[in-house]
Every structure is written in structure tokens, then in C-alpha cells.
Amino acid sequence: MIKYLGSKRALLPTLERIFAASGAQSGLDLFTGTTRVAMTMKQLGMHVTAVDTASYSEVLAKTYIELDASTRDLTELSSAIENLNAVPGRKGYFTTTFCEQARFFHPKNGQRVDAIREAIEIDYKGSWLYFPLLASLLIAADKVDSTTGVQMAYLKTWSRRSALELELKIPELLPGDGLSLRAEANEVAGNLPEVDIAYLDPPYNQHRYFGNYHIWETLVRWDSPEYYGVANKRIDNRDPVNKSEFNSKLTMPKALEKLISRLRAKTLVLSYNNESWLSRKELTDMCSRYERVEILDFDFKRYVGSQIGGYNQSGELVGRPGAKRNLEHIVLAGSGPSIEIMLAGLK
Ligand SMILES: C[S@@+](CC[C@H](N)C(=O)[O-])C[C@H]1O[C@@H](n2cnc3c(N)ncnc32)[C@H](O)[C@@H]1O
């Protein structure tokens with residue numbers, strides 16, 4: 001899976017135990033990002049809906065959540081991947097913009113991204129293979145990047161992994177059906193069917209995912225946008241439509257309150273951390289329509305990008321190394337007995 005700010009990889013075993021204990025049959029992951037949490041729900045047999053505003057997240061959700069592996073001929077996927085891995089590199093927008101003018105990827109890999117992405121568009125658009133092939137390319141490119149995990153800067157000297165050869169692998173598709181929606185959480189919340197369990201993992205600071213992962217947006221949209229700044233960010237990074245109300249201290253609390261009030265979920269599981277703009281009291285109050293609210297605390301090592309900082313085109317350090325500990329919290333809200341069962345699942 002791709003490196004992702006706020007990814008819940010470390011929290012996954014805990015979330016899995018909570019979900020399993022809940023016995024939920026239907027799940028909703030409203031800020032799905034890498035879809036890791038939605039995948040865990042799906043693996044537990046739930047019907048899952050995965051929502052996010054990002055185009056690359058939609059590609060991952062179409063692949064891992066919406067596709068039902070049991071209804072597809074997976075040999076078609078492996079032979080498509082084999083063909084794409086044999087496509088010779090050819091310099092295009094991606095190489096010029098992200099490998100020559102900036103140094104996010106080695107040019108040899110940039111040329112392969114250019115050629116493979118073009119082939120996916122020409123040969124597979126409209127086929128069920130389209131999204132898994134895009135996901136495979138996204139993950140392969142992430143494995144050979146030269147960043148600390150965000151795309152607002154690249155490393156001063158090439159990362160070791162950037163010298164590796166880009167290689168597409170077969171994504172591990174899951175059996176079972178689900179739904180992927182590229183949408184703004186508050187816009188869709190009221191129209192979603194009632195679910196047994198909803199997981200909410202909103203952004204908790206001012207750093208916007210659209211700008212931090214602009215290369216993945218461009219790789220998926222394949223629209224060769226105009227760009228600006230040292231990181232060659234998409235020009236539409238500046239558009240208000242690509243800003244999230246969850247990225248501002250001023251608008252986030254109201255947005256989350258509105259979201260919780262609109263959702264139809266028997267049980268709510270919400271992640272936040274010690275950097276977020278909400279106090280425990282505010283979070284508990286937001287969930288007050290539920291019979292019982294519990295907050296669990298976890299201490300994790302902080303995301304590595306913030307420890308070592310990143311560099312811009314002139315080789316200067318951008319962003320300061322941050323604090324090394326990161327307190328994560330999980331809010332559980334639901335009926336008294338359902339919370340009791342989920343807490344018992346953690347013992
Ligand atoms: C903390 S990350 C979620 C990480 C995810 N749980 C994982 O494990 O990969 C927050 C996500 O919210 C998405 N997002 C931001 N604003 C949003 C909005 N208004 N509606 C829906 N998704 C939004 C971002 O694109 C990002 O993927």
C-alpha cells in the first residue's frame with residue numbers, strides 16, 4: 001500500500017478487534033484514504049462503503065472495496081500486468097515535470113510511468129481491469145519515490161529506493177462486494193443507507209491531502225495540468241473546491257458535528273490524535289445522541305516524514321522535524337451493550 005499521512009496502519013489490529021467484536025454486517029469508512037480500514041471491514045465479511053474526495057483514493061477503493069474478486073477472472077489481471085511491465089519507457093509529462101524539473105522519481109522510472117499510464121488509458125479504459133491496473137501503478141510508483149512520504153518536497157539526494165526498477169504487482173483483490181464513492185463527506189452523509197458501524201478518520205490539521213499527494217492526483221487524472229512552486233503542484237491546488245472544511249481550525253469542529261448528526265450509524269468509531277483541534281469534552285458532546293461514549297488512548301511513534309523533514313529544489317530543509325510521540329485516540333459511541341461488547345473484544 002502507499003505511504004500515507006494519517007494512515008491507520010499501526011491502529012489496524014485494534015480496529016480489527018473492535019469491528020470483529022461488534023459483529024457488524026455493514027460498514028462505512030468515510031475518510032478512507034488508502035482504504036486500509038475499509039479493507040479490514042470487508043475481510044470481516046461486512047458490506048462496506050468507502051468515501052473520500054481524493055481521486056487516487058477512489059482508484060484504491062474501486063480496486064479493493066468495490067471489486068468482488070470472486071466474480072473475476074484473475075488470470076486476465078496477471079496477464080495485463082505482465083504486458084504492462086514489458087512496455088518500454090517513453091518520456092512524457094510525468095518525466096519532465098516530476099523527474100527532471102523536480103526530482104521525485106528517477107527519470108528511468110518516470111519514463112516507465114509515462115508509458116504504462118498511457119497504455120492503461122488506451123488499452124483498458126472501460127474494462128474491469130482499469131482500476132486495479134491504476135492501483136498497481138500507483139503502488140509501484142510509491143515504492144520507487146524519493147520523498148519522506150509527502151509530495152510537498154523531495155529528498156536532497158536520491159533515496160535508495162528510487163534506484164530500483166518500477167515493477168507492477170498484482171493487487172490482492174478481496175472477495176465480497178462494496179461501494180466506492182468519490183465525494184465530500186458532509187454532502188453524502190445524509191443520503192447513505194443506515195450502517196451497523198461507521199468509521200471516521202478526518203484530517204486533523206491544516207495540511208491538505210490534495211497538495212500533499214498532488215502527483216497521485218495527476219497520475220490518476222492524467223490531465224497534464226499547469227503547475228507552480230518548487231514541488232510542481234497542480235495549479236488547481238489553489239482552488240477553493242479542493243480545500244476541505246476539515247483542514248481548518250475554524251470550520252473543522254462544526255463540520256464534524258454536522259457529519260455526526262447526519263450519519264445513520266448504529267455504532268460510531270472515530271479516530272483523532274493529540275494534534276487535533278478538538279478536546280475530549282467537545283468530542284464526547286458531539287456524540288451525545290449515542291447512549292454511551294468511550295475514548296481509548298494509544299501511544300505511537302510519529303510519522304517519519306515529520307521527524308526528518310523534507311527538502312525543496314534548492315536542497316533546503318522545508319518543515320521542521322517535529323515531536324516524536326503521537327497520541328492516537330479512538331472514540332466509541334453506541335448503545336451501552338454494543339460498547340461493552342467492543343471493549344471486551346480488546347481484552
Ligand atoms: C487521516 S486521512 C484518512 C486515512 C485513512 N484512514 C487510512 O488509513 O488510509 C483523511 C482522508 O480524508 C480525506 N478528506 C479530506 N477532506 C474530506 C472531505 N471533506 N470529505 C471526504 N474525504 C475527505 C483525505 O483525502 C484523506 O484521504
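Visitor: Where is W222 found, between which helix and which strand?

Guide: W222 is in the loop between helix 10 (214-221) and strand 5 (227-228). Helices are DSSP runs of H or I with at least four residues, strands are E runs of at least two, and both are numbered from the N terminus. The model is predicted: local features need pLDDT of at least 70, side-chain atom pairs count only at pLDDT 80 or more, and totals for chains, interfaces and linings use all residues. Residues are numbered from 1 along each chain as its sequence is written, and side-chain values use heavy atoms, leaving out hydrogens and water.

Visitor: Why is W222 called buried?

Guide: Buried means under 20% relative accessible area, exposed means over 50%, and partly exposed is in between (1.4 Å probe, protein chains only). W222 has 19%, so it is buried.

Visitor: What is the phi of W222, and what is the phi of S224?

Guide: W222 has a positive phi of about 50 degrees, though it is not a glycine. S224 is not a glycine either, and its phi is positive, near 40 degrees.

Visitor: What do the buried residues of helix 6 pack against?

Guide: They pack against helix 4 (74-85), helix 5 (93-100), helix 7 (130-142) and helix 10. Contact here means heavy atoms within 4.5 Å. The buried residues include V113, I116, I120 and Y124. After helix 6 comes G126, with a positive phi near 90 degrees.

Visitor: How many helices and strands are in the chain?

Guide: The chain has 14 helices and 11 strands.

Visitor: What makes the chain as compact as a globular protein of that length?

Guide: The globule rule is 2.2 Å times the number of residues to the power 0.38, and the radius of gyration is taken over C-alpha atoms. For 347 residues the rule gives 20 Å; the chain has 20 Å, so it is as compact as a globular protein of that length. Buried residues make up 56% of the 347.
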